[in-house]
Amino acid sequence: GASGTLNQFVNQAQPSVTLTSSVNPSLVAQPVTFLVTVSAVGAGPVPTGNVNLTRGGTVILSGTLDSTGKATLTTSSLPAGTDIITAQYAGDVNYGAASSSPLNQTVNLNADTITLTVAPNPSGLGQAVNLTATITASAGVSATPTGTVTFSDGGNSLGTAPLDSTGKASLTVSSLTPGSHSIVAAYSGDNQFSSSTSDASSLTVNKGTTTTTLADAPNPSVFGQNVVLTATVIGPAGAG
């Protein structure tokens with residue numbers, strides 16, 4: 001009898017990695033679920049181990065493959081723009097490390113609506129008018145818009161005010177001249193919401209009411225004496 005020895009080298013197989021997104025394009029702060037699939041080679045065993053999702057070379061999510069070689073990873077923190085996402089498989093005893101093709105995930109800014117209220121309307125000359133803009137997020141978006149709102153009259157800026165914690169911005173003006181005015185509010189947008197502009201609101205400013213008083217001196221007077229008559233006209237407070 002005789003025997004021999006053979007050194008049989010078995011290298012790790014190179015799996016294929018695919019990456020898909022549950023929604024693309026998505027919105028800022030919207031949950032997006034990525035499915036990573038690491039496929040076996042031929043009749044080989046199901047790949048095991050860990051996978052990472054990277055954006056710009058930075059790991060943003062990590063997970064473990066299930067019994068079918070898949071992992072689902074969810075995030076709602078992707079910034080606006082085009083995010084290049086790649087799935088990286090770390091490998092196991094049977095399979096070497098591998099990466100998916102880059103996935104271009106488009107993340108759009110959330111839409112919003114802006115409403116403008118003008119009060120009082122009509123107003124009077126010199127009267128304080130309160131302009132309030134309310135920015136409302138789209139349905140299903142829990143974030144609150146931030147930034148500023150610029151109010152204008154016929155294209156001429158009246159001033160800019162920041163949004164408060166409820167998404168409202170207010171500005172008080174008392175320098176509008178008598179006549180008809182077209183008031184518009186423009187929202188600047190932020191890193192989650194797009195900019196927007198309200199419909200024009202028509203504001204009527206009436207002429208100021210006046211009070212006229214008359215004084216004469218001297219009184220009583222005598223025949224032939226000069227008498228000074230003085231009329232004093234007073235406009236509304238703050239109107240000049």
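Reply:
**A hairpin and the core beside it**

Strand 13 and strand 14 form a hairpin, with two residues between them. Gly154 sits in the turn and has a positive phi of about 60 degrees. Strands here are DSSP runs (E, at least two residues), numbered from the N terminus.

This is a predicted model: local features need pLDDT of at least 70, side-chain atom pairs count only at pLDDT 80 or more, and totals for chains, interfaces and linings use all residues. Residues are numbered from 1 along each chain as its sequence is written, and side-chain values use heavy atoms, leaving out hydrogens and water.

Strand 13 covers residues 148–153 and strand 14 covers residues 156–162. They run antiparallel, joined by six bridges. Two strands pair if DSSP finds at least two bridges between them. Thr148 has Pro162 of strand 14 as its bridge partner.

Now take Val149. Contact means heavy atoms within 4.5 Å. Leaving aside neighbours within four places in sequence, Val149 is in contact with residues including Ala133, Gly159, Thr160, Ala161 and Tyr187.

Val149 also belongs to the largest nonpolar core, which has 24 residues. Such a core is a set of buried Ala, Val, Leu, Ile, Met, Phe, Trp, Tyr and Cys residues joined through side-chain atoms within 4.5 Å. Buried means under 20% relative accessible area (1.4 Å probe, protein chains only). Val149 and Phe151 are among the members that touch the most others. Strand 13 is one of the strands that each supply at least two residues of this core. The largest share, five residues, comes from strand 12.

Notes: Helix = DSSP H or I, 4+ residues; strand = E, 2+ residues; numbered from the N terminus. Buried < 20%, exposed > 50% of the residue type's maximum accessible area, 1.4 Å probe, protein only.
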